[in-house]
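These are my notebook entries on one protein model. I wrote down each thing as I looked it up.

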Amino acid sequence: MIHLPVLITDLGLILAAAGVTTLLFKRIKQPLVLGYILAGLLVGPHIKFIPTVTDKESINIWAEIGVIFLLFSLGLEFSFKKLVKVGGSASITAIVEVVFMLLIGFAAGQLMSWSVMDSIFLGGILSVSSTTIIIRAFEELGVKHKKFAGLVFGVLIVEDLVAILLLVLLSTLAVSQQFAGTEMLISILKLCFFLILWFIGGIFLIPTFLKATKKLMNDETMLIVSIALCLIMVLLAVKVGFSPALGAFIMGSILAETTQAERIEHLTKSVKDLFAAIFFVSVGMLIDPKILIDYAGPILVITIATVLGKFLSSGLGALISGQPLKTSVQTGMSLAQIGEFSFIIATLGLSLKVTSEFLYPIAVAVSAITTFTTPYLIKASEPFYKFIERSLPKKWIEGLNRYSSSTAGITTLSDWKVFLKAYTFNTIIHSVILISIVVLGSKYVQPFIAEHLINGHNGTVISLLLTLMIMTPFLWALALRKMERKAYSNLWLNKKYTRGPLVALEILRIALAICFVGFLIFQFYNTLISIAIALALILAVMFIFSRKLQAFYNRLENRFLYNLNAREAQNAQPEILPWDTHLAELTIAPESKLVGFTLMELSIREKYGVNIALIERGKIMIPTPGRDERLYPHDKILVIGTDDQLAVVKELFEGAVDETSHADFPKNDMTLQKIVVNSSSPIYGHSIRNSGIRDITQGLVVGIERKGERILNPDSNIVFENDDIVWIVGNHKKVPDLLKKT
């Protein structure tokens with residue numbers, strides 16, 4: 001008898017339950033995540049009405065894979081370039097929200113007499129909003145074109161990075177079981193070091209690899225390569241002491257910078273959806289309904305704390321960052337929920353056995369409730385803003401408007417700020433690269449050479465020289481590279497008292513490079529004479545071959561910058577505009593009434609108050625199009641306007657199907673039929689054009705047989721003769737109407 005492994009039966013049970021609940025939740029128009037959690041609850045060990053999963057260990061493995069692909073997908077949507085571009089508003093809003101929610105969560109836990117560790121993890125759970133739920137809610141409500149949506153997306157990007165940092169910090173805290181400041185600092189520095197290293201290495205290597213293999217990459221190969229890269233980074237992350245989720249997120253964010261990001265996201269979506277479903281089902285399996293009943297009070301308290309806390313903290317952060325009151329209120333009410341990262345943080349506490357068992361189902365219950373409330377809060381945000389505007393004193397509203405306008409101005413950077421920013425980035429980036437080269441040279445290259453090539457003193461010398469050779473371009477960039485020449489010249493020539501600090505900084509750069517060389521040599525030799533000789537040699541090489549090192553380094557830097565900016569150059573968009581106006585991308589639907597008309601004929605600016613900044617037609621870009629430019633189906637139009645203006649224009653662009661048209665004409669009614677013309681036929685003696693066949697049958701004449709001759713796609717001027725066999729493609733219900741008249 002054939003024995004089916006338990007893993008397969010459990011997986012089949014999970015997917016069957018998930019499939020049924022997915023259909024149900026699709027029907028009632030609710031988020032699928034809640035359906036998966038309900039499916040997990042049904043097939044979990046706490047409900048006995050239906051078959052339950054028996055091998056929980058295997059399901060935990062599937063769930064771990066689900067977390068990896070879920071974080072990989074989030075990384076593909078993240079992009080470090082997006083993080084840099086979210087600007088001060090989103091960063092300030094996110095930081096204020098996270099700090100406040102950490103404090104609110106910790107305070108709520110302490111007020112309910114929970115342990116310190118439970119309270120800390122509760123703060124982490126409440127601090128991150130749900131990207132999946134918000135994006136889905138925005139799409140369903142049709143508000144993605146509004147100004148506050150851009151700010152919310154920026155906040156979510158910052159929150160994703162904060163969540164990754166929280167995972168690392170909470171892991172460290174859980175292991176040490178105490179607030180060890182030194183360990184926390186080391187963990188943060190270690191995380192920053194590897195983030196920079198992986199980002200630089202990934203951006204330099206992976207886009208180059210994808211470009212070189214582009215002709216070989218069909219969909220199947222691209223899918224395999226993408227998943228392989230994800231799992232390789234997972235292995236690297238675990239190797240250096242981080243979670244698999246962090247590695248998946250980092251690889252996703254690296255691939256998000258490539259020109260293949262959209263394609264990879266599309267190809268991996270099915271894999272992500274499958275394993276993410278298993279993960280969310282496993283989340284539901286851990287829920288004990290008895291705990292939910294016993295802790296109904298804390299669930300209600302935490303739900304209220306989440307909604308009110310996130311609304312107030314996000315709204316306050318947006319106001320502080322200079323956003324108008326309306327945008328701040330809409331942002332705060334959009335972010336009032338918790339989601340997938342909260343589950344991962346709760347799972348971390350359980351896996352490390354530092355949190356109570358009740359915390360996990362409480363987090364899931366709060367997430368489920370706030371998921372239901374999110375669309376209603378977003379919908380109510382504008383009416384609530386109008387209520388606040390009517391209720392607040394007029395002076396307060398005017399003061400907030402003045403503050404918002406003043407913070408929206410253009411800020412200029414002094415020469416010192418420009419120079420110090422470049423100096424700091426140069427130092428940090430090259431320090432990370434040099435430290436990694438030293439570690440690789442001493443821990444891996446030297447043992448490899450000693451074991452497989454040359455052992456003893458000669459092997460050590462070769463290892464040292466090889467490592468120094470690799471380090472040399474980066475040592476030159478750290479110590480001698482000229483940065484921000486214009487700002488440097490202004491500081492040197494215009495203000496004599498700044499020359500001292502500038503000289504000191506240059507000396508510091510050289511000293512730092514010398515320290516790195518000394519650090520490397522100390523890994524191989526511990527005698528002062530050898531260190532001094534090597535230092536002298538490397539400094540001589542750097543000065544003598546400065547031009548060649550500069551040329552080589554410039555090639556490396558140009559390759560890195562090209563890879564970094566390739567996707568941005570491919571999808572370039574202008575910057576956001578001031579005041580309440582902003583950019584939105586709309587697509588011309590084929591049924592839109594705008595199709596075929598020129599901008600002058602449409603008068604969109606005059607009628608609706610919006611400007612068309614760009615037309616994207618396939619690979620053709622038409623910036624600031626002229627009055628004679630026509631609009632065609634599937635054109636992507638970049639328009640500038642306020643939320644209200646864009647809402648009106650959006651309906652115009654999307655178009656509406658005319659009820660009197662044949663838009664609902666069933667394709668199955670179109671068939672190929674034949675009729676025989678005789679002298680009594682009403683079409684006898686008439687041309688195809690004048691016969692009325694098109695109007696009567698909703699069809700076309702595709703062929704005529706005449707005296708043994710076949711005429712394919714006949715000319716419309718051909719006149720029907722006696723005994724013609726006419727082939728018509730048309731509505732088979734209408735063709736008999738033509739036959740009745742023959």
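This is a predicted model: local features need pLDDT of at least 70, side-chain atom pairs count only at pLDDT 80 or more; totals for chains, interfaces and linings use all residues.

Residues are numbered from 1 along each chain as its sequence is written, and side-chain values use heavy atoms, with hydrogens and water left out.

**Entry 1: the whole chain**

I looked up the secondary structure and found 29 helices and 8 strands in the protein chain. Helices (H or I, at least four residues) and strands (E, at least two) are DSSP runs, numbered from the N terminus. Of the 742 residues, 47% count as buried. I then looked at contacts, meaning heavy atoms within 4.5 Å. Among contacts in the chain with a separation of 6 or more, 78% are between residues 24 or more positions apart.

**Entry 2: a covered helix**

How many residues of helix α6 (residues 116-126) are buried? I found 10 of its 11 residues buried, so I noted the helix as mostly covered. The buried residues of α6 include Met117, Ile120, Phe121 and Leu122. Asp118 and Ser119 are also among them.

**Entry 3: salt bridges**

Side chains of opposite charge can pair when their charged atoms come close. I used this cut-off for a salt bridge: a side-chain nitrogen of Lys or Arg within 4 Å of a carboxyl oxygen of Asp or Glu. My search of the whole structure gave 10 salt bridges.

I began with Asp273 and Lys269, whose side chains meet in a salt bridge at 2.9 Å, N to O. Both belong to helix α12 (residues 261-285), and because they are 4 residues apart, about one helical turn separates them. An α-helix has 3.6 residues a turn, so residues three or four places apart point the same way. Asp273 is partly exposed at 29% relative accessibility, and Lys269 is partly exposed at 46%. The pair is part of a network of salt bridges that links Lys269, Lys272 and Asp273.

Next I checked Glu601 and Arg630, whose closest N and O atoms are 4.0 Å apart in a salt bridge. This pair links distant parts of the chain, 29 residues apart: Glu601 is in helix α25 (residues 599-602), and Arg630 is in the loop between β3 (620-623) and β4 (636-641). Glu601 is partly exposed with a relative accessible area of 45%, and Arg630 is partly exposed with 34%.

**Entry 4: Arg706 and its sheet**

Glu721 and Arg706 also meet in a salt bridge, at 3.6 Å from N to O. Glu721 is in the loop between β7 (709-712) and β8 (725-731), Arg706 is in strand β6 (residues 700-706), and the two are 15 residues apart. Is Arg706 buried or exposed? Arg706 is buried, with a relative accessible area of 16%, while Glu721 is partly exposed at 33%.

I then followed β6 into its sheet. Two strands pair if DSSP finds at least two bridges between them. The sheet is open and has 4 strands in the order β5-β8-β6-β7, with antiparallel pairing. Its edge strands are β5 (670-676) and β7, each pairing on one side only. I counted 4 bridges joining β6 to β7. Which residue of β7 is the bridge partner of Arg706? The partner is Glu709.

**Entry 5: two loop residues**

I looked for positive phi values outside glycine. His634 has a phi of about 70°. The residue is in the loop between β3 and β4, and His634 is exposed, with a relative accessible area of 56%. Asn713 has a phi near 45°, which is positive, and is not a glycine either. Asn713 lies in the loop between β7 and β8 and is exposed, with a relative accessible area of 54%.

Terms used:
Buried means under 20% relative accessible area, exposed over 50%, partly exposed in between (1.4 Å probe, protein chains only).
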